[in-house]
Amino acid sequence: CQVPLATGASCLLKMSLRNLFRAASVVARATSRQTAPRIAAAATLKRYSSGHHETDEQFDARWEAYFNNPEIDDWEVRQGINELVSYDLVPEPKIVAAAMRACRKLNNYALTLRLLEVIKDKAGYHKQIYPYILQEIRPVMEELGLSTPEELGLDQPDKFP
């Protein structure tokens with residue numbers, strides 16, 4: 001750029017911006033070449049992946065079998081509960097009972113309480129769901145010697161003097 005000194009700065013700025021845009025377009029072209037096959041493959045997979053739907057009974061049986069596994073360890077129980085909680089549902093009482101047995105087998109009393117707290121939270125504003133779950137799993141809780149968070153006073157905030 002051959003311009004007077006006063007406009008030299010603007011000329012440098014134009015050249016810098018031009019180089020920046022060139023570099024950006026080169027990167028964009030290279031990136032689009034690399035991701036285009038992946039995007040096409042993902043679209044292809046999506047069309048074929050919607051064929052299998054699990055019924056409610058199959059879902060319940062799968063999770064009961066998961067928690068009833070005799071070789072389940074503490075990490076697997078936590079992983080299973082985390083995955084189960086991530087679904088947009090409140091688990092059936094038989095799944096909750098199986099999870100509680102797995103927790104108690106591993107002597108993880110705190111996780112049984114946390115599971116009940118999560119179920120109460122998942123029930124949300126449907127106030128009849130949590131009492132129903134407790135009613136259905138009460139025999140299992142008595143068999144395992146478990147209490148609810150409410151029975152232990154954990155549903156109330158701590159009161160400091």
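User: What share of the contacts with a separation of 6 or more joins residues 24 or more positions apart in the protein chain?

Analyst: That share is 65%. Contact means heavy atoms within 4.5 Å. This is a predicted model, in which local features need pLDDT of at least 70, side-chain atom pairs count only at pLDDT 80 or more, and totals for chains, interfaces and linings use all residues. Residues are numbered from 1 along each chain as its sequence is written, and side-chain values use heavy atoms, without hydrogens and water.

User: Why is threonine 148 called buried?

Analyst: Its relative accessible area is 2%. Buried means under 20%, exposed over 50%, partly exposed in between (1.4 Å probe, protein chains only). Threonine 148 is therefore buried. Buried residues make up 24% of the 161 residues in the chain.

User: Which residues does threonine 148 contact, leaving aside neighbours within four places in sequence?

Analyst: They are Leu113, Leu116, Leu134, Arg138 and Met141. Threonine 148 itself sits in the segment after helix H6 (129-144).

User: Which helix gives the largest share of the lining of the largest pocket?

Analyst: Helix H2 (residues 56-67) does, with three residues. Helices are DSSP runs (H or I, at least four residues), and strands are E runs of at least two, numbered from the N terminus.

User: What makes up the lining of the largest pocket by residue class?

Analyst: Five residues are nonpolar, one is polar and four are charged. Asp, Glu, Lys and Arg count as charged. Among the lining residues are Glu54, Asp56, Asp60 and Glu92.

Key. On a 1 Å grid over the protein atoms alone, a cavity is a set of points where a 1.4 Å probe fits but cannot get out, and a pocket is an open set with protein on both sides within 12 Å along at least five of seven lines; lining residues have an atom within 4 Å of a point.
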